[in-house]
Amino acid sequence: MQQHNEEVCILLGVWGEKFIHDFFQFSLASLLAPGNIPALAKQYKTRFVFLTRASDIDKFKSHSAYFLLQQHCPIEFIAINDLIIPNNYSTTLTLAYDRAIRQTKAAMLNTYFVFLTADFIFADNAFIGLMRYMEQGYSGIQTGNFQVVEEEISLFLLEKINKQTHVLQLDARELLCESMKHLHPVTVTSSIDQQIVNN
C-alpha cells in the first residue's frame with residue numbers, strides 16, 4: 001500500500017547500444033540497491049520512463065536487468081527520434097524531459113520528476129535521503145555530482161556488483177572515497193583549490 005498521494009516519475013534519456021549497456025551494467029545496478037528505487041517504490045507510486053530512439057526499445061526489453069527493474073515499478077518508453085541533435089546531448093535531454101513532463105498533463109502538478117542520465121552511480125540509500133526532502137514538501141530538490149574516469153573505476157564497480165541479484169550496493173563513504181581516486185580532468189579543472197589548469 002502506498003503511503004503518499006504524490007506520484008514519482010523517473011526520467012532517463014539514453015540511446016545507442018554503448019550507453020544502454022553502460023546504464024544496465026552500472027547505473028541501474030546502483031538504482032536497484034535497497035535504499036534506492038525499491039525503497040522509493042514502497043512509499044510512492046513510481047514509474048520509470050525511458051526517453052530513447054524507437055529502434056532501441058527492443059534492446060531494453062531484451063536485457064535481463066530490465067526485468068529486475070520491472071519488479072519494482074512500471075516501465076514506459078517515449079520515442080525521441082525527432083529530438084536527437086548530434087553532438088548536442090544536453091539540448092536533446094532538455095527537450096526530451098520537457099516532452100515527458102508535458103505528456104503527464106494535469107498530473108504533473110502532483111508528480112515528483114527525477115531526472116537521470118545513464119552514467120549516474122548512486123550510493124545505497126540515496127533515494128531514502130531524497131525522500132526525506134520530499135516528505136517535508138519541497139517542490140524542487142537539487143543534488144550535486146562530479147565525474148570520474150570510467151576506465152579507472154569500472155573494475156572496482158564490477159567487483160562490487162552482486163552476481164546473483166545484479167545489485168550494486170555501496171555505502172556512500174565507500175563510493176566517495178573510491179571516486180576521489182579517479183576524478184575526471186573536467187572535475188579537477190573545476191576545483192577551486194587546484195593550481196593545474198582553469199576550466
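Biologist: What makes the side chains of Glu7 and Lys45 a salt bridge?

Modeller: Good place to start, and keep in mind that this is a predicted model. Glu7 and Lys45 are 3.8 Å apart, N to O. A salt bridge needs a side-chain nitrogen of Lys or Arg within 4 Å of a carboxyl oxygen of Asp or Glu, so the pair qualifies.

Biologist: Which parts of the chain does that pair link?

Modeller: Distant ones: Glu7 sits in strand S1 (residues 7–13) and Lys45 in strand S2 (residues 45–52), 38 residues apart.

Biologist: And why is Glu7 called partly exposed?

Modeller: Its relative accessible area is 27%. Buried means under 20% and exposed means over 50%, so Glu7 falls in between and is partly exposed.

Biologist: What makes Lys160 and Glu174 a salt bridge?

Modeller: The closest N and O atoms of Lys160 and Glu174 are 2.8 Å apart, and the cut-off is 4 Å, so this pair passes too. Lys160 belongs to helix H7 (residues 150–160) and Glu174 to helix H8 (residues 172–180), and they are 14 residues apart. Both are partly exposed, because Lys160 has a relative accessible area of 37% and Glu174 has 29%.

Biologist: Now the whole chain. How do you know that its radius of gyration agrees with a compact globule?

Modeller: With 199 residues, a compact globule would have a value near 16 Å, and the chain has 17 Å, so the two agree. The C-alpha trace spans about 50 × 35 × 35 Å along its principal axes.

Biologist: How many helices and strands does the chain have, and what share of its residues is buried?

Modeller: There are nine helices and four strands, and buried residues make up 43% of the 199.

Technical notes
Residues numbered from 1 in each chain as written. Predicted model: local features only at pLDDT ≥ 70, side-chain atom pairs only at ≥ 80, totals over all residues. Heavy atoms only, no water. Helix = DSSP H or I, 4+ residues; strand = E, 2+ residues; numbered from the N terminus. Rg over C-alpha atoms; globule rule 2.2 N^0.38 Å. Buried < 20%, exposed > 50% of the residue type's maximum accessible area, 1.4 Å probe, protein only.
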